[in-house]
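Here is a short briefing to read alongside the structure. Keep the sequence and the 3D view open as you go through the points.

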Amino acid sequence: MTSVHPPLKLVIASLFYTLFGFNYLSYSLIGLVFGILGITYFYKLSLLLSNKLASYFAIFFYTLSPLILANSLFSMRDFILMVLIIISLYYFQKEKIILCTLFSLFAVLTKETGIIFATALALTSSVTSVSFKTAGENATTCMAISLAIARNSAFPDTKSVSQASSIIAPLRAF
């Protein structure tokens, strides 16, 4: 039976299996690595949005959350998606649109619901300010590409190239 989810988790898992062998430890390392990335970027994001004391409290409660503790032991798609969204939000706040777009794309390639985040990010960046207009265009392009890739990874037996370009073409005018 094949998976209907986008392929990024499988790519990450195969990379870890290649590096550390096919065992439980290498599968658990994925959650640990993403847990550390999540803590690091959540702290950085909270520093951008508030002061140092509030960031310490935020990271304390984030780290001790039972949901975070439980999911960091495994490599669940939802946990990986959450960490990629945190990283993408950090780069969005720093106005590094290329990295924001890249991690938004990774989020969509992890789980289909990542397209909701990419859509919200595109709408937010296109509405917030005129000077950030290129960010809105880039996020919209990212959303279109992410949607095409997620759709084509879920249903690979269709004519993906022509359908992907037909999805992207109208959104480029946006």
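Predicted model: local features only at pLDDT ≥ 70, side-chain atom pairs only at ≥ 80, totals over all residues.

The expected span of a helix is 1.5 Å times one less than its number of residues.

**Helix α6 by itself**
- Helix α6 covers residues 97–110, and its 14 residues should span 20 Å at 1.5 Å a residue.
- Most of α6 is covered, with 10 of its 14 residues buried.
- The buried residues are I97, C100, T101, F103, S104, L105, A107, V108, L109 and T110.

**How α5 packs on α6**
- Helix α5 (residues 77–93) packs against α6 at an angle of about 165 degrees, and the two axes are 8 Å apart.
- Angles over 145 degrees count as roughly antiparallel, so α5 is roughly antiparallel to α6.
- Their crossing is left-handed.
- On the α5 side, the contact is made by R77, I80, L81, L84, I85, I87, S88, Y91 and F92.
- On the α6 side, L99, C100, F103, S104, F106, A107 and T110 take part.
- By class, the residues of this contact are 12 nonpolar, 3 polar and 1 charged.

**The loop residue E95**
- E95 sits in the loop between α5 and α6.
- Is E95 buried or exposed? E95 is exposed, because its relative accessible area is 55% and the cut-off for exposed is over 50%.
- The phi of E95 is near 60 degrees, a positive value in a residue other than glycine.
- For background, most residues other than glycine have a negative phi.

**How α2 packs on α3**
- Helix α2 (residues 24–49) and helix α3 (residues 52–63) pack at an angle of about 150 degrees, with 9 Å between their axes.
- The two helices α2 and α3 are therefore roughly antiparallel to each other.
- The crossing of α2 and α3 is right-handed, whereas that of α5 and α6 is left-handed.
- From α2, the residues G38, I39, F42, Y43, S46 and L47 meet K52, S55, Y56, A58, I59, Y62 and T63 of α3.
- The contact of α2 with α3 has 8 nonpolar, 4 polar and 1 charged residues.

Methods:
Residues numbered from 1 in each chain as written. Heavy atoms only, no water. Helix = DSSP H or I, 4+ residues; strand = E, 2+ residues; numbered from the N terminus. Buried < 20%, exposed > 50% of the residue type's maximum accessible area, 1.4 Å probe, protein only. Axes fitted to C-alpha atoms, helices over the stretch in contact; angles between N-to-C directions. Parallel < 35°, antiparallel > 145°, perpendicular 65-115°, else oblique. Left-handed = near helix turned anticlockwise from the far one by under 90°. Contact = heavy atoms within 4.5 Å. Nonpolar A, V, L, I, M, F, W, Y, C, P; charged D, E, K, R; others polar.
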